[in-house]
Amino acid sequence: MTISPPPVAIRASRKVAELAPKVLKRSLWRDAVRRFRRNRLAMLGFVLLLCLLGMAIFAELLAPYDYGRVFLTLRSNTLPFVNPAHPLGLDGSSRDYLSRLIFGARTSMLVGLMVPLISFAIGVPLGALAGYVGGRFDFVVMRVVEVATAIPPLLFALFLLSIVGNGVWNVIAVLAVTAWIEPTRLTRAQFITYREQDFVLAARSLGAQPWRIIFVHILRNTISPLIVSFTFAVPLAIFAEAGLSFLGIGITEPTASWGKMVGSGIGNSIRVYYHIALFPTIMVALTMLSFSFVGDGLQEALDPQRPDSR
Amino acid sequence: MTRYILRRLVSLFFVMLVVSMIVFVLMNNIPGGPFSLGERGYTPDALANLERKYGLDKPLGERYLNFLVGAVQLDFGNSFAVAGNPPVTQVILRTWPVTLHVGLYTILVSFTLGITMGIISAYRRNSFIDNAVTFTATLGITLPNFIIATFLLLLFGYQNGWGAPNKWIIPPLWEGGPAILSQDYFLPVITYALAPLALVARYTRSSVSDALGADYVRTARAKGLSDRMVMMRHVLRNALIPMVTVLLPQIPNILTGSLFIEVVFGIPGLGKFFVTSIFSRDYPMIMGLVVLVAFFWGIMYLITDILYTLIDPRIRLGGGAGR
């Protein structure tokens, strides 16, 4: 018996098999990264975000002075671009404004990242369980959510802050208390849609444990909306912190917070000492812009249903 | 439908009960009562007398029951901190109309402008107008409103004395022309409208352009309908449904006012009052405001849900696994 060359069909399939690894490498994440990188606005936001994060992490190295250092010999409210030792001027307590702006990034980033982290750490498991288990547990969770949504979040945060007192970590805790509702709802809704789908049924009939279905099968499918919602939760938290500090509650004095800095800059003196309100405003705006660009980009990139035309 | 509404109202009642309980308990744990604040320095005897006068010496449970009995009759007691100790309901009746005025104008401006902008940019995608609208929308969503308020005041306001406290008068809605043209309203409404305007424009754009791409629009065009007919009969009507679901919930939010805008512009409205009453530990005011605002939101959400079914008969109320 001679070995004849394999029939065409088999050859073709072998060719497919050779190609297969390349095809398989195009995972969801790879596709997402590719789409994200082609999105110019998203990339701009991403680069900005990295800069801001760098500012927050390396504030000690970048800032020329300590954020709390008072220059007693100099006039307070020195305008920017006058004294080369203090390029952005001094604030009302004669502190170097550039340094305070750089340290302000740390406060904003800390609040902006910690609040969503905590609220997602509460909301995702809660929503997952409520959506997966259903029944009485779901009922209880949903009633709690209902009560929590009835209270205007900002008013409640303000109210809670007046109870627990000021400080960065108190602000984070209070904002997390009002922010866990969104991830809970989102995760629950996702779990309800996926709970009855075929791949879950298949896993269940293969004898998968509930925790395996929850974490391996369903959570993996809900991860992209969660990521997107996380990126949008960050600017919201930053906004809330800036707002509370702007009203004069929240972050206490020597700590630099952009919101508080804007708040201290408004009033009639703004017409002369414009820099006090202007610079932190620019920083807040840049931060919120970069996060929402990245959020928009991620939303487009992580949607596998989206026809990849570009 | 009636059963659904009744069920929602009952559930709203329980929600209100729990909300008021939580706030009441938390509030009474604020360090420092309403009379031990600041440098007033009451003697212990005077303090005890004051607390007795306002019923603060009674146990928490009894006070809460008293509050409940009053609240069902819309009586939240007398304010501790407002001069002359007027009843809370009276204070709210005085301050909410101001917030409502600003809110109504805000809704008017943001919804009309936003929908127009959204439709135009959906029709002329990637044109200059579209990009300008997208840019404004991004700005409106990302810039915190207290910052916009500050800079509008800086640019236009301070010269004319806008935004100064004590400046605000409460004109009737219409007195020789719409009050929006009065300087007092102009800046706050613009500031306040920017964020909802951005949202409205964004959602209108996306839902109108979705509808424009739909098969029934192509069919309508193919059978020779004029652009205007296609627009009114097919595009707008279908684009309305997704818009409503996103936009209607904005309304109760706007009508109860923004803390920041009221504080920055010195508007004597609900939000500003809430801040001052928290600072002065004005227990009856805090309770009254929270309960009323929560109740208002609850009712508005119920109305919104009912409106959905009227606009889109495919949506069924009640039942189902929930959203």
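This is a predicted model: local features need pLDDT of at least 70, side-chain atom pairs count only at pLDDT 80 or more; totals for chains, interfaces and linings use all residues.
Residues are numbered from 1 along each chain as its sequence is written, with chains lettered from A and ligands numbered from 1 in the order in which they are written.

Let's walk along chain B. Its secondary structure comes to 13 helices and zero strands; helices (H or I, at least four residues) and strands (E, at least two) are DSSP runs numbered from the N terminus. As for contacts, which require C-beta atoms, placed from the backbone, within 7 Å, 72% of those in chain B with a separation of 6 or more join residues 24 or more positions apart.

Now look at helix H1 of chain B, residues 2-27. The expected span is 1.5 Å times one less than the number of residues, so these 26 residues should span 38 Å, in agreement with the 37 Å between the end C-alpha atoms. The buried residues of H1(B) are B:Val15, B:Val19, B:Val23 and B:Phe24. Their cover includes helix H6 (135-150) of chain A, along with helices H3 (60-72) and H13 (283-311) of chain B.

Over in chain A, A:Pro152 sits in the loop between H6 and helix H7 (153-164). Why does A:Pro152 count as buried? Because 24 other C-beta atoms lie within 10 Å. Leaving aside neighbours within four places in sequence, A:Pro152 is in contact with B:Thr256 and B:Val293.

Methods. Two residues are in contact if their C-beta atoms, placed from the backbone, lie within 7 Å. A residue is buried if 20 or more other C-beta atoms lie within 10 Å of its own, exposed if 12 or fewer, and partly exposed in between; C-beta atoms are placed from the backbone.
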